[in-house]
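Subject: Handover of a protein structure

Dear colleague,

Please find the structure below, together with its sequence. I would be grateful if you kept it open while reading the notes that come after it.

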Amino acid sequence: MSRIHTLYKFVLSFLVFFYASISLFAMQTEQDTLTLIQKYRQETRSAINVQDYDSAIQSLSKANKLISTIDDNVLKADVLLASIDLHYNLQNYTKAGSESLNVIDLLEKTQDKRKLANAYYHYGLVLTQTGKFKEAGRYFNDADEMFGDLNDERNQSNILLGRGILELKQGNPKSALNYFEASIP
């Protein structure tokens, strides 16, 4: 009986160790995936900043492949925001607009006000380029209000820049200039 008891204890200990090891491995794998997604997202942003769109597309593609394997809406939103930025810079306003709506829907569920305001700002830019001026103005207003609540002066300055672009597209260069000048500080 004691031999069976000893064997039972050994098997039970082994199973506990085995399941704990698998759990730790799964947690490490997920953390590695999150780190890689962040890395690819940052590479995408850096490539966009230097107008290396081929590299941006490659990095964004890698991030998108990995993002589908996890359940992190905030990180998904980060990748979508990078995608919006890329498509906007490539003047693919249809894709940038649809991605904007996706990220807005996603962020309204997470309650991340800063990222939501950023999504509103980007969508306002897209709407400006597609001639939907009234709607663009509403998104700029919503973003400005959120950034104001967050005391985020840098992004409020971006809103002024966006409003300047909106005024310029509407044929109001003097008003646009006022917004551009106000955005400088």
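The notes below describe the overall chain, then single helices, the cores, the aromatic rings and a few individual residues.

Overall picture

Please bear in mind that this is a predicted model. The mean pLDDT of the protein chain is 87, and 84% of its residues reach 70 or more. Where pLDDT is low, the predicted coordinates should not be read in detail.

The protein chain contains eight helices and zero strands. Of its 185 residues, 37% are buried. Among the contacts with a separation of 6 or more, 51% are made by residues 24 or more positions apart.

Helix H2

Helix H2 covers residues 53-67. At 1.5 Å a residue, its 15 residues should span 21 Å, and the end C-alpha atoms are 20 Å apart, which agrees. Which residues of H2 are buried? They are Tyr53, Ala56, Ser59, Leu60, Ala63 and Ile67. These residues cover an arc of only 125 degrees around the axis, so they lie on the same side of H2. On the face of H2 turned away from the buried side are the exposed residues Asp54, Gln58 and Lys65.

In the loop between helix H1 (2-49) and H2 lies glutamine 51. Its phi is near 60 degrees, a positive value in a residue other than glycine. Glutamine 51 has a relative accessible area of 60%, and it therefore counts as exposed.

Helix H4

Helix H4 runs over residues 93-110. Its 18 residues should span 26 Å at 1.5 Å a residue, and the end C-alpha atoms are 25 Å apart, which agrees. The buried residues of H4 are Tyr93, Ala96, Gly97, Glu99, Ser100, Val103, Ile104, Leu106 and Leu107. What covers these buried residues? The cover includes helix H3 (73-89), helix H5 (113-129) and helix H6 (133-149).

Just after H4, glutamine 111 takes a positive phi of about 65 degrees, although it is not a glycine. Glutamine 111 is found in the loop between H4 and H5. With 52% relative accessibility, glutamine 111 counts as exposed.

The nonpolar cores

The largest nonpolar core has 28 residues. Val103, Ile104, Tyr120, Phe140 and Ala143 have the most contacts inside this core. H3, H4, H5, H6 and helix H7 (153-169) each supply at least two of its residues. The largest share, nine residues, comes from H5.

Not counting residues up to four places away in sequence, valine 103 touches Ala77, Leu80, Leu81, Ile84 and Ala119. There is also a second, separate core of 15 residues, which includes Tyr40, Ile48, Leu60 and Val79.

The aromatic rings

How many aromatic pairs does the structure hold? The structure holds four. One of them joins tyrosine 120 and tyrosine 139 in an edge-to-face pair, with 5.4 Å centre to centre and 70 degrees between the planes. This pair links distant parts of the chain, as tyrosine 120 is in helix H5 and tyrosine 139 is in helix H6, 19 residues apart. Tyrosine 120 and tyrosine 139 are both buried.

Tyrosine 123 and tyrosine 139 also form an edge-to-face pair, with 4.8 Å centre to centre and 85 degrees between the planes. Here too distant parts of the chain are linked: tyrosine 123 is in helix H5 and tyrosine 139 in helix H6, 16 residues apart. Tyrosine 123 counts as buried because its relative accessibility is 8%. For tyrosine 139 the value is 19%, which also counts as buried.

Arginine 163

Arginine 163 lies in helix H7. Is arginine 163 buried or exposed? It is buried, because its relative accessible area is 16% and the limit for buried is under 20%. Leaving aside its neighbours within four places in sequence, arginine 163 is in contact with Phe140, Asn141, Asp144 and Tyr179.

Yours sincerely,
A colleague

Methods
Residues numbered from 1 in each chain as written. Predicted model: local features only at pLDDT ≥ 70, side-chain atom pairs only at ≥ 80, totals over all residues. Heavy atoms only, no water. pLDDT = per-residue confidence, 0-100. Helix = DSSP H or I, 4+ residues; strand = E, 2+ residues; numbered from the N terminus. Expected span 1.5 Å × (residues − 1). Buried < 20%, exposed > 50% of the residue type's maximum accessible area, 1.4 Å probe, protein only. Contact = heavy atoms within 4.5 Å. Core = buried A, V, L, I, M, F, W, Y, C linked by side-chain atoms within 4.5 Å. Arc of directions from axis to C-beta. Phe/Tyr/Trp six-rings, centres within 6.5 Å; stacked < 30°, edge-to-face > 60°.
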